[in-house]
Amino acid sequence: MKRPIMGLAVLILTMPALAAELASQQAANADSEQVLVEKVKVGAILPDRLEAVPGSFDVVDEKELKARQPFSIREALSQVPGVNIVGEDAFVLAPNIGIRGLNPRRTSRTLLLEDGMPLFLAPYGDPSAHYSTPLDRVSRIEVVKGSGQTLYGPQTVGGMINFVTKPVPKEFQASVMAIIGNNNFSGGHVNIGTGGDWGGIMLDAVNRKGDGIRRNHDFEINELTLKGQLNLDDRNTLIAKVGWYEENSSVSETGLGAVEYAEDKYQAPTGKQDYFNHERKSLQLQHIFQVNERAKLSTQFYYAKSDRASFRQINEPGSLNGRSEMDRCSGVVATEANSANCGGRWRPRDFEYWGIEPRLDISHKLFGIDSDAVIGFRYHREDINRNQFRGGDPRFQDLRYAQSFNGVNGSTGHREQIDINVEAKSYYAQNTFYVGNWSLTPGVRVEDIRISTDVKRAEGQPQNNAESDVTNNQSKVLPGFGVAWNGIANTTVFGGVHKGFAPPRPDRDIVASAANTAVVSKTKAEESTNWELGLRSAFFKGFKYEATLFHTQFDEIVVSNGFGRFVNGGKSEHSGLELAGRLDFGTIYNSSHNFYVAGSYTNVFTAKFKKTSAAENIESGDRLAYTPKHIASLNFGYEHPVGFNARIGVDYISEQYEDVNFREGRDDFDPLSGMTGKIPSYTLLNASVSYKPVGSKATFFVSGNNLADKEYLASRVDGMVAGRQRQVFGGVRYDF
C-alpha cells in the first residue's frame, strides 16, 4: 500500500512546479491567446465535454427548476432514473436518497456535495444528511452514477449529487420571491448581487416554514449565504462562500406502532415535546490559477461545523401491544397528555470538519494523443462529539436542565459520550485519451483513513477499558476505467467499471452492561465493484433518450442491525436497468407550441445478499431493505415562448421492505411494532404551472404534489411513518 500512496504523493507534490513550468512556457509564446477570467468555471463535477463522460449522468438545470417549481429535492430529482427518495418529513429536511437499490437512509451511500464540497454531518465519521442546499440557490443539479467517480469521495459505492450554486453576477441584479400554500406553508427568498471586471458579490436569504406530515410537526428553516469572487488578474481568481443555516422543527424521530397507525396515521403523540434543532456554519475558499488555455491549478479549502440536538420521548414504537411506550416512564402509553408529564432523551451532537485540496487539470498530448488529465490530493480532518442525557422528570424536556446532569451515572443522567476523530488522505489521478471517436478514461483513487472512536460513557456508566478506545486504520486503492464512443451523431455509447468505497462506519450507540464493558467494533470498509453499460442519444430530432444497464457487487456491504450499530453483512449484488427520455413535438414540427412527454423508469431486478450470515440473521437471497423493484415517472407538458409552462405527471414506487431479514412467506418479527415488513406500492399525482408575461420581470407559478391526496406508508424506520398529504403552493418571483 505504501508504494501507490507514495507514488501519487510525489506526483501531486510536483503540481505547483509543473504549473509554473507551463506558465513559463506560455509567457514565452508570443502568439498565445489571452487567458480570460470569464472562462473560469466553478462548482461543477462534470467536465465540459459531456459526450466523453464514460458513464451515466443527469443534469437538472435552472430552466427546468424554474419551470417545474419543485417543492423539495424529492420533486427536483423525481425524473432522474435510479434515484429513490424516501420522504419521512414534509420538506425533506433530512434527505433519504438512495441510488440503484442502495439503502437511502440519511443518504449515507450517496455522496452529497455543494460546489464540490461534502455536505454530510461528517463525511467519514457520520455520513448522514441533515441538510441539502436550498433549491433557491441552485443553478443546476448534477447526478453522476457511473465511471469517473474516482475524482471524488469518500462515498463512491452508489453515486454523487452535486448542487452547483448560482455564480456571482457581473452587474447589478436582484430578485425576490414569496410563496404560500396549504398546511401553513410559506417562504421567501431574496437574492441581491453586483459585479464587474473585478469580480462580484452576492447575498442569498432563504426562509421556509410550515406544518409537517403529522400533527404538531411544524418546522422552520433559515439560511444566509454570502458568495464573492475577486479577479486578481487574468490568471488568478479567488472565490469565497460563507453560509449559516438553522432548522427548528418538532419532527419526531420515531414513527408509530401498528395499532397507532391504524387508528390515526397522522398523529404524533409526543409531537408537542419532540424537538430537533440544527445549526450549520460553513466556509469554502477557492484559488484558481489559470496557467494557460490548457492548464488550471485550483486549490480548495472547506470548513463546516454542525451542532444538532434532538429530543425524543419514544425509543421503541409499538412496544405496548402496538402502542408506543414513554421511554422514561415505564408502562405509560405515549399520548399528548402523558408526554407533557414525562421526560425523555436529549441527543446533543457536534460535528466539525475541514479539508484542503489542490487539483491540477491539464490538457496534453502524451504519446501524441489528445488528452485531459486530472491530478489531485485532499487532506481531511473531522472531530465528532456525541452525547445523550435521559431522565423521566418532565424538566428533562429542557436541554439546559438535561445537560446539568453531565457526568452523572445511572439510568437518569449522562447516558452516552462518544468522541470520534478522523484523519483522511485522498490521492487521485485520471486521464482521458481522445482517439478518433473514442474516449478512454483510466483513473485511480487512494483513500488512507484513520478513525479513532473513544467511548467515554455508555449506558450511563463511564468506560475506560481498552476495548472502548479503538483506532481503525484502513487504506484502499480504487481503480476505475471507462470508455465512450461517439461514432454516431449526437450519440454516446459508454461502458465502465470502478471500485466503489465507503469508509468503515463507527458505531453510533454503544451497548454496555456496566462500567468498563463497552466494546467498539471495527467495521470493515464497504467495497464494491460497479459495472455499467449504456447509451444516450439525441440523434432523432426532438427526441433524446438514455438507457443504462448496471451491476454492482459488494464484497462487504454494511447494514444496520438496529439501535445505531453497524455490521458487515457480507456479499451482495445489485443489478438493474435505467431508462429515460423526452419527446418534444414542438421541435419535431418546428412549432412554438411545444407539447412534450418526459419519463424515466428504473428496474432493480436484483438486490440481494449472496452469503448467509447466521450472526446477523441474514440468509443468501434476502432482498435488501428499501429497494423497490420498480420506480417510474411520467410527465406530459406544454410550453410556449410567451413564458407559459404547464406540466402534469405521476410518480410510482413499487412495494419494498424495511427489514433486511424479511423473506417471502415469512411473518414479520413483531407485527405490532410497525418496524418490520412490507411497504406497499403507491402512485402520486403532481402538476405545475408557471407564467412569465413577455416583457415582464415577474414570474407567477403554482405547483401541487400528491394532488389526489393519496394516503400511503413512506417508511418503517423507527416505526410507521405516513407519506406527505396533498401539498399545493403558489408564488411570485420578481427580477429587478
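How many disulfides does a search of the whole structure find? The search finds one disulfide, a term used here for a pair of cysteine sulfur atoms within 2.5 Å. This is a predicted model, in which local features need pLDDT of at least 70 and side-chain atom pairs count only at pLDDT 80 or more, while totals for chains, interfaces and linings use all residues. Residues are numbered from 1 along each chain as its sequence is written, and side-chain values use heavy atoms, with hydrogens and water left out.

The disulfide joins Cys-329 to Cys-342, with an S to S distance of 2.1 Å, and the link is right-handed, with 115 degrees about the S-S bond. The pair links distant parts of the chain, 13 residues apart, with Cys-329 in the loop between strand 14 (295-312) and helix 6 (336-340) and Cys-342 in the loop between helix 6 and strand 15 (344-364). Helices (H or I, at least four residues) and strands (E, at least two) are DSSP runs, numbered from the N terminus. Both cysteines count as buried, meaning under 20% relative accessible area with a 1.4 Å probe and protein chains only.

| Cysteine | Relative accessibility |
|---|---|
| Cys-329 | 18% |
| Cys-342 | 1% |

A nonpolar core is a set of buried Ala, Val, Leu, Ile, Met, Phe, Trp, Tyr and Cys residues joined through side-chain atoms within 4.5 Å. The largest has 57 residues, and among those that touch the most other members are Leu-77, Ile-141 and Phe-163. Strand 6 (residues 138-144) gives the most to this core, with four residues.

Methods. Buried < 20%, exposed > 50% of the residue type's maximum accessible area, 1.4 Å probe, protein only.
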